[in-house]
Amino acid sequence: AAMSDIASGFTLNRYHRATESMFVTISLSHQFIGSVPLGAWLTSMCTIRKAGRSTLFLDCEHCVDEIGR
């Protein structure tokens with residue numbers, strides 16, 4: 001959950017710089033399909049799906065890369 005919140009914050013910050021709009025998180029939900037092995041590299045990527053004047057909808061995807069194991 002923390003990774004999604006952090007990745008969303010970085011995405012909103014980049015969007016805010018381009019538009020000077022202000023946003024706040026109103027909902028954050030998750031679907032966990034498995035656990036991340038110890039020592040694996042976790043990457044988060046957020047995509048803006050819809051942007052309004054004061055509301056922004058985005059998706060965050062997390063991928064595991066086990067190269068470091």
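The model is predicted, with local features requiring pLDDT of at least 70 and side-chain atom pairs counting only at pLDDT 80 or more, whereas totals for chains, interfaces and linings use all residues. Residues are numbered from 1 along each chain as its sequence is written, and side-chain values rest on heavy atoms, with hydrogens and water left out.

One helix and two strands make up the secondary structure of the chain, in the order α-β-β from the N terminus. The radius of gyration is 14 Å, well over the 11 Å given by the globule rule for 69 residues, so the chain is more spread out than a compact globule. This radius is taken over C-alpha atoms, and the rule is 2.2 Å times the number of residues to the power 0.38. Helices (H or I, at least four residues) and strands (E, at least two) are DSSP runs, numbered from the N terminus. Along the principal axes, the C-alpha atoms fill a box of roughly 45 × 20 × 15 Å.

Of the 69 residues in the chain, 14% are buried, that is, under 20% relative accessible area with a 1.4 Å probe and protein chains only, as against exposed at over 50% and partly exposed in between. Among contacts (heavy atoms within 4.5 Å) with a separation of 6 or more, 57% join residues 24 or more positions apart.

Strand E1 (residues 41-51) pairs with strand E2 (residues 56-65) in the antiparallel sense over ten bridges; pairing requires that DSSP finds at least two bridges between the strands. E1 and E2 form a hairpin, with four residues between them. Within this arrangement, Lys-50 stands opposite Phe-57 in E2, and Ala-51 stands opposite Leu-56 in E2.

Ser-21 lies in the loop between helix H1 (2-19) and E1. The relative accessible area of Ser-21 is 19%, and this residue is therefore buried. When residues up to four places away in sequence are not counted, Ser-21 touches His-16 and Arg-53. Ser-21 and Ser-54 are 33 residues apart in sequence, with a C-alpha to C-alpha distance of 7.0 Å.
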